[in-house]
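Please keep the sequence and the structure in view while reading.

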Amino acid sequence: MSKTYISLALRRLVTERANDQCEYCRLPANLSFFPHELDHIIAEKHGGQTISENLALTCWRCNRHKGSDLGSFDLHTKEFCFLFNPRTQSWSEHFSLSHHHIEGLTPEGRTTVKLLQLNTSERIAERKRLTP
Ligand SMILES: [Zn+2]
């Protein structure tokens, strides 16, 4: 979403570190219709920097839904919760995948599933198509 220049070297580092997969929904870049993007985990307008520790590889859908948000309200606890941070947290501790459905296991996981809309029928259908 940002217009800050990101060098090719930094772009490559972030992409390779993520194994070419979206760091939120795990959609592989080579199977995505639209190119993956670099996301500022903490958006620039909140003071996030353009450094590898604050960048994540995301699919275009996750990036659109996330925008510059930092968090939202967890449906279970009704309390504000930050989004999952792929730099400091582990995907498998916060999410699980079963039957093409991504389940949030923690407040951060649930908040991210909801805000990034990881389980719309369109996205579940896409996962089924890619990994039958
Ligand atoms: Zn994604």
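A residue is called buried when its relative accessible area is under 20%, exposed when that area is over 50%, and partly exposed in between. The model discussed here is a predicted one.

Which residues coordinate the zinc ion? The SG atoms of Cys22, Cys25, Cys59 and Cys62 do so, at 2.3 Å. Along the sequence, these donor residues follow the spacing C-x2-C-x33-C-x2-C. Cysteine 25 belongs to the loop between helix H1 (8-17) and strand S1 (37-40), while cysteine 59 belongs to the loop between strand S2 (55-58) and helix H2 (60-66); the pair therefore ties together parts that are 34 residues apart in sequence. The arrangement of the four donor atoms around the zinc ion is tetrahedral, because the angles they subtend run from 103 to 118°. For four tetrahedral donors, the ideal angle at a metal is 109.5 degrees.

Are cysteine 25 and cysteine 59 buried or exposed? Cysteine 59 has a relative accessibility of 2% and therefore counts as buried. Cysteine 25, with a relative accessible area of 8%, is likewise buried.

Attention now turns to helix H4, which spans residues 107-115. Its buried residues are Gly109, Arg110, Thr111, Thr112, Val113 and Leu115. Just after H4, glutamine 117 adopts a positive phi of about 50°.

Phenylalanine 73 counts as partly exposed because its relative accessibility is 48%. Together with Phe80 and Phe82, Phe73 forms a nonpolar patch on the surface, and the accessible area of the three residues together is about 350 Å².

With a relative accessibility of 53%, glutamate 53 counts as exposed. Which residues does glutamate 53 contact, leaving aside its neighbours within four places in sequence? The contacts of glutamate 53 are then with Ile41 and Arg87. Between the C-alpha atoms of glutamate 53 and threonine 77, which are 24 residues apart along the chain, the separation is 29 Å.

Notes: Residues are numbered from 1 along each chain as its sequence is written. This is a predicted model: local features need pLDDT of at least 70, side-chain atom pairs count only at pLDDT 80 or more; totals for chains, interfaces and linings use all residues. Side-chain values use heavy atoms; hydrogens and water are left out. Patches are made of residues with over 30% relative accessible area and no salt bridge: like charges are joined within 9 Å, nonpolar side chains (Val, Leu, Ile, Met, Phe, Trp, Tyr) within 5 Å. Accessible areas come from the Shrake-Rupley method with a 1.4 Å probe; for residues, only the protein chains shown count as cover. A salt bridge is a side-chain nitrogen of Lys or Arg within 4 Å of a carboxyl oxygen of Asp or Glu. Buried means under 20% relative accessible area, exposed over 50%, partly exposed in between (1.4 Å probe, protein chains only). Donors are N, O and S atoms within 2.8 Å of the metal (3.2 Å for Na, K and Ca); water is not among the atoms, so sites may look incomplete. Four donors count as tetrahedral if all angles lie between 85 and 135 degrees; four count as square planar and six as octahedral if opposite donors are over 155 degrees apart and all others between 65 and 115; anything else is irregular. Helices (H or I, at least four residues) and strands (E, at least two) are DSSP runs, numbered from the N terminus. Contact means heavy atoms within 4.5 Å.
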